[in-house]
Amino acid sequence: MNEQKLPRHVAIIMDGNGRWAKQHMLKVAMGHRAGVEALRSIIRESSDLGIEALSLFAFSTENWRRSETEVAALMQLLLEYFSSEIDELDENNVRIRILGEKEGLPSPQREALYRAEERTKDNTGLNLCIAINYGGRQELVRAARILAEKVRAGEMAPEDIDEQALSDCLYTGGLPDVDLLIRTSGEMRLSGFLLYQCAYAEFEFPETLWPDFTLEDYHRALEVFASRDRRFGGRK
Ligand code: IPE
Ligand code: IPE
Ligand code: MG
């Protein structure tokens, strides 16, 4: 793979678990479980390739609208995921960052997320950003409030608010903008994911349902990305 054209930041909207479960005549929770399986190799590969940041959409602020059973299954899976994966992630120098409102989660989940962030905070490899209880508009509103508070406290003037200052107040503060956004299952929408950070992202919408997404699909997406001509508004 052409190293120079490797994205620094890849974002993935892991969609299609429900349809996968239906296809296999399984309960939706099994679709989510299969989705977690698909995740492992993608994370390991991103880390091996030297990608700086991988952001994954795991649970949106709108996903609370789903049935109580499905939400409970997702919350349970979240706990299992962190307890089974944290050792390996830490050993691989992965730094975990949670994007979203942890305070809105049940306490066992919230604590597991804080622990994972704390334990891996000095790691210098892949930044693994997991969006949980995340909404893109909510993230921007939160950033606006943080800036307003700084102005009120006299720490900055309104005219000091620029793109960098706003970007620093996002959950992804300090990380590069998204270069490549992948949404599986053929849906072509952002559903609010990383609205600000995706301003100049390249988009890819493979038809594959997330639990069927393989390393081969990932490599294909990275190759398509490498072949894209990014102009950022300029002219070559
Ligand atoms: C994505 O899969 C995972 C979450 C939203 C948690 P879905 O559950 O949205 O799958 P579909 O869109 O119903 O197939
Ligand atoms: C977006 O998928 C959120 C996650 C993948 C976690 P959804 O399946 O919830 O999005 P919509 O409702 O189809 O836009
Ligand atoms: Mg969906």
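In the predicted model, the side chain of N63 places an N or O atom 2.9 Å from an oxygen atom of ligand 2. This is a polar contact, defined as a pair of N or O atoms within 3.5 Å. R189 brings a polar side-chain atom to 2.7 Å from an oxygen atom of ligand 2.

The shell around ligand 2 (residues with a heavy atom within 4 Å) consists of I13, M14, D15, F57, A58, F59, N63, R66, R183, R189 and S191. By class, 5 are nonpolar, 2 polar and 4 charged. Strand 2 (residues 53–60) gives the most to this shell, with 3 residues. Strands are DSSP runs of E, at least two residues long, and helices are runs of H or I, at least four.

Ligand 2 takes up the space of the largest pocket. A pocket is an open set of points on a 1 Å grid over the protein atoms alone, where a 1.4 Å probe fits, with protein on both sides within 12 Å along at least five of seven lines. A molecule sits in it if more than half of its atoms lie within 2 Å of its grid points.

Across the whole structure, 22 salt bridges are found (a side-chain nitrogen of Lys or Arg within 4 Å of a carboxyl oxygen of Asp or Glu). One joins R40 and E85, at 2.7 Å from N to O. This pair links distant parts of the chain. R40 lies in helix 2 (residues 28–49) and E85 in helix 3 (residues 68–91), 45 residues apart.

Residues are numbered from 1 along each chain as its sequence is written, and chains are lettered from A and ligands numbered from 1 in written order. Local features need pLDDT of at least 70, side-chain atom pairs count only at pLDDT 80 or more, and totals for chains, interfaces and linings use all residues, while side-chain values use heavy atoms, without hydrogens and water.

Technical notes: Polar contact = N/O pair within 3.5 Å; in protein donor to acceptor, adjacent residues only side chain to side chain. 1 Å grid on protein atoms, 1.4 Å probe; cavity = no way out; pocket = protein on both sides within 12 Å on 5 of 7 lines; lining within 4 Å. Nonpolar A, V, L, I, M, F, W, Y, C, P; charged D, E, K, R; others polar.
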